[in-house]
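Keep the viewer open as you read.

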Amino acid sequence: VAAARAKHTRHTGRFIRFSINWGHRKGATPSRLLSHLCRRGEIDSGLVGAIEIGPGSATFEVADHVAGGFEQRVREPDRREPLLRISRQESTG
């Protein structure tokens, strides 16, 4: 039971910012985007931080300790949504 609870604990450490070419004009909502990220990146929703959705794209945060694996898994096009591209944003500081 403790392991199940820990799986859904919200990450409070550092995050790495990513972007995706999916915005509200193409139907992106926070819940749809979160679902896509968790499925495609094989991560728990508690490991996703802030999500900001613009007209044509969105940015989001992934917990730093899983960001490398997430980045590897999302590098290849998705079977369901082959036109969606996720990329790590360069840090500015």
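## The E1–E3 pair

In this predicted model, strands E1 (residues 15–20) and E3 (residues 58–63) run antiparallel and are joined by six bridges.

## The whole sheet

Zoom out and that pair belongs to an open sheet of four strands, in the order E2-E3-E1-E4, with antiparallel pairing. Strands E2 (48–53) and E4 (86–88) sit at the edges; each has a single partner strand, so one side of each is left without a neighbour in the sheet. On average, neighbouring strands are turned by 25 degrees against each other, ignoring direction.

## Helices on the sheet

Two helices to look at here. Helix H2 (residues 30–41) packs on the sheet and touches E1, E2, E3 and E4. Its direction makes about 130 degrees with that of E2.

Helix H3 (residues 64–74) packs on the sheet too, touching E1, E3 and E4. Here the angle is about 125 degrees, taken against the direction of E3.

## The nonpolar core

Which residues have the most contacts inside the largest nonpolar core? They are Phe-18, Ile-20, Phe-60, Val-62, Phe-70 and Ile-86, out of a core of 20 residues. E1, H2, E3 and H3 each supply at least two residues of this core.

Val-62 is a handy one to click on. Leaving aside neighbours within four places in sequence, Val-62 is in contact with Phe-15, Ile-16, Phe-18, Ile-43, Leu-47, Ala-67 and Phe-70.

Note on methods
Residues are numbered from 1 along each chain as its sequence is written. This is a predicted model: local features need pLDDT of at least 70, side-chain atom pairs count only at pLDDT 80 or more; totals for chains, interfaces and linings use all residues. Side-chain values use heavy atoms; hydrogens and water are left out. Two strands pair if DSSP finds at least two bridges between them. Axes are lines fitted to C-alpha atoms, for helices over the stretch in contact, and angles run from 0 to 180 degrees between N-to-C directions. Contact means heavy atoms within 4.5 Å. A nonpolar core is a set of buried Ala, Val, Leu, Ile, Met, Phe, Trp, Tyr and Cys residues joined through side-chain atoms within 4.5 Å. Buried means under 20% relative accessible area, exposed over 50%, partly exposed in between (1.4 Å probe, protein chains only).
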